[in-house]
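Here is a short briefing to read alongside the model, which is a predicted one. Keep the viewer open and follow each topic as it comes up.

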Amino acid sequence: MSEKKPYYITTAITYTSGKPHIGNTYEIILTDAIARFKRNQGFDVRFQTGTDEHGQKIEEKAAAAGVSPKAFVDGVADQIKKIWDLMNISYDKFIRTTDADHEKQVQKIFKKLYDQGDIYKGTYEGMYCTPCEAFWTPSQLKDGKCPDCGREVKPAKEEAYFFRMSKYADKLMQYYNDHPEFITPVSRKNEMVNNFLKPGLQDLCVSRTSFKWGIPVDFDNRHVVYVWLDALTNYITGLGYDTDGNSDKLFEKYWPADVHVIGKDIIRFHTIYWPIFLMALGVPLPKRVFGHPWLLMDGSKMSKSRGNVIYADELVKVFGVDAVRYFVLNDMPFDNDGNITWELINERINSDLANNLGNLVSRTAAMSEKYFGGAMKDANAAQDPDDELRAEAVSLYKKVCAKMDEFRISDALDEIFTFLRRCNKYIDETAPWLLAKDDSKKDRLSTVLYNLSECIMIAASLLQPFMPETAEKIAHRMNSPLRSYDKLETFGLIAQGTLVNPETEKLFVRRDYKDVEAQYEAMHEAEKKAEAKPAPEKKAHEPEYPAEITIDDFAKVRMQIAKVIACEKVEKSDKLLKSTVKIGNETRTVVSGIAKFYKPEEMVGKKVVMITNLKPAKLRGIVSEGMILCAEDENGNLKLLAPEGDIEDGSGIF
């Protein structure tokens, strides 16, 4: 038996700033489907994913949470891994950029590039976007904001090390020309050439001194390695790459990568910076970079700050793992953004999974049980529609393969479900229920049901990479093993007389969207109660104040000036903001119902009036340690109470 051909596939490593939404999770499901398909084809697949855990954003979030950066990323990395496992992801390696072996190699890579003159020390002055960990020149900004995420940027000036990108620009352009398949889709390649290579590459900042949460530059410990040089090298350090030439056998076996699967928003880093780093190291470049589109929520990019996110674990509770996997793979085009809503998922499950796939399996197995005691047998009573159906069955694998080779995952699924619809049409053409009424047509009925059973097993085997649990359930119902892909072009492999297994549950059930809404609301009922105010909200022009109080009563309320140092939206809430405030030498967390009036980035830096001796309350699982005071007029307009002029935070109000 010949040795399996290696196939190395990776996702971008997930940034540990918080829980990934379904748009982030799509990438790991997509990559898993490709990896499983390649395994079924007989490849020796190495599938790597992981987490990106350094940078200023992480340092700030950890400070806001009152924990060390390592404790913060440990918690988020664990959460990410649990979601990947929930979605039945078959990864072989989960790398973390805080892994000791990765950090050691990053330091060695940095030193090697410095020693050979590719990295030099200088000073950076420009605009910096913390969420994107990106520097920009004023001309690159869009309306004065980050061109990638649209957020505010801040002036930054600091000593830094730089990589001489222009040194390798011509070599990279030549690689593009010699390897037209390197960037997929081709539209992404045109963007890189026209927007970055042709105008001329600027040298890249590869170290920072303004924060400490990163891998130290071991020969200059004032600096930490900038996040992209740290993150991108995971693809080789995860295989045991060693800068000194003592790389692990895994690296020798699997590198260069067959494909990096990434989001279109980070295509520049993977098709310009990453190949240039590799060229400088003398390491072969990956064969392909696939920049997939985004999964949008109601036509808009998902963002926690906008509050328009859906999480995979929520979807799974309502629809199940395979239904969620199917939806995101089926509804994401190759080169354009996809769209997701709860209602759209339910519609797709009803039409494709319940009506088409589930109904076909259920009807076929049930008729075999009803008419033949569950036995499947080809009685050699073929007629006209049979040849066409069988021809489509044995040609399906090549059609699916052609789409998968181009990473057109949605189109591959469409080939399978088009075939399933053809099988349902075959039932209408042959009318088994009418054949069953005539004893002379018993052989014909047996052949019809056998043909359907064979088609189901071929389709289930091809569905396994996309919907692994469903494929196994179908195989169990039909009492036949899923097929290796070298046998998918052969018809008639179900052993004669095989008995279908009894049905224990429906594969998929049609649901009214009102039932889905009710289940979703029930899931969040407890959180909504926690968010709700203890008393009905009063209009500003109809206040109901307590009776008279004395000066002693007023003295019980401690009010101080607080400075907001960090702020973010509360997950699953349209109303709440979570602010981290500084009160003198003390830092606290406060939850306020002001999200409709203030964006998180607008809050940072403000000095506000706050009640600081209020009993802590838990809102949406977050302990709120005080109350930020606001004023509201009769039209519902709300403004924060703030000091007239600048005054130190912690100052008392009397």
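Leu-295 sits across from Gly-338, a residue of β16. Strand β14, residues 295-297, and β16 run parallel and are joined by three bridges. Both belong to an open sheet of three strands, ordered β15-β14-β16, in which the pairing is mixed.

**The rest of that sheet**
- The edge positions are taken by β15 (300-301) and β16 (338-340), and each has a single partner strand, so one side of each has no neighbour in the sheet.

- Strand β20 (residues 577-583) runs antiparallel to β21, and seven bridges join the two.
- Leu-577 has Ser-592 of β21 as its bridge partner.
- Two residues lie between the strands of this hairpin, and Gly-584 adopts a positive phi near 65° there.
- Strand β21 (residues 586-592) is largely enclosed by the rest of the structure, because five of its seven residues are buried.

**Two helices that cross**
- What describes a pair of packed helices? The angle between their axes and the distance between the axes do.
- For helix α5 (residues 169-178) and helix α10 (residues 267-281), the axes come within 10 Å and cross at roughly 110°.
- On the α5 side, the contact is made by Lys-171, Leu-172, Tyr-175 and Tyr-176.
- On the α10 side, Thr-271, Ile-272, Pro-275, Ile-276 and Met-279 take part.
- Sorted by class, the residues in this contact of α5 with α10 are seven nonpolar, one polar and one charged.

**Helix α18 and Pro-468**
- Pro-468 is part of helix α18, which covers residues 468-478.
- Is Pro-468 buried or exposed? Its relative accessible area is 6%, and since the cut-off for buried is under 20%, Pro-468 counts as buried.
- Beyond its neighbours within four places in sequence, Pro-468 is in contact with Arg-36, Asn-88, Asp-322 and Arg-325.
- Arg-36 lies 432 residues from Pro-468 along the chain, yet their C-alpha atoms are separated by 9.1 Å.
- Other buried residues of α18 include Thr-470, Ala-471, Ile-474, Ala-475, Arg-477 and Met-478.
- In an α-helix there are 3.6 residues a turn, so residues three or four places apart point the same way.
- The buried residues of α18 pack against the helices α1 (22-40), α12 (321-330), α13 (342-372) and α17 (442-463), and also against the strands β17 (375-376) and β18 (498-499).

**Cysteines**
- How many disulfides does a search of the whole structure find? The search finds zero.
- As a reminder, a disulfide is a covalent bond between the sulfur atoms of two cysteines.
- For Cys-423, the closest cysteine sulfur is that of Cys-455, and the 4.1 Å between them is too far for a bond, because a disulfide requires the sulfur atoms to be within 2.5 Å.
- Cys-423 is buried, with 0% relative accessible area.
- For Cys-630, the closest cysteine sulfur belongs to Cys-567, and at 12 Å it is also too far for a bond.
- Cys-630 counts as partly exposed, since its relative accessibility is 31%.

Note on methods: Residues numbered from 1 in each chain as written. Predicted model: local features only at pLDDT ≥ 70, side-chain atom pairs only at ≥ 80, totals over all residues. Heavy atoms only, no water. Helix = DSSP H or I, 4+ residues; strand = E, 2+ residues; numbered from the N terminus. Buried < 20%, exposed > 50% of the residue type's maximum accessible area, 1.4 Å probe, protein only. Contact = heavy atoms within 4.5 Å. Axes fitted to C-alpha atoms, helices over the stretch in contact; angles between N-to-C directions. Nonpolar A, V, L, I, M, F, W, Y, C, P; charged D, E, K, R; others polar. Pairing = 2+ DSSP bridges.
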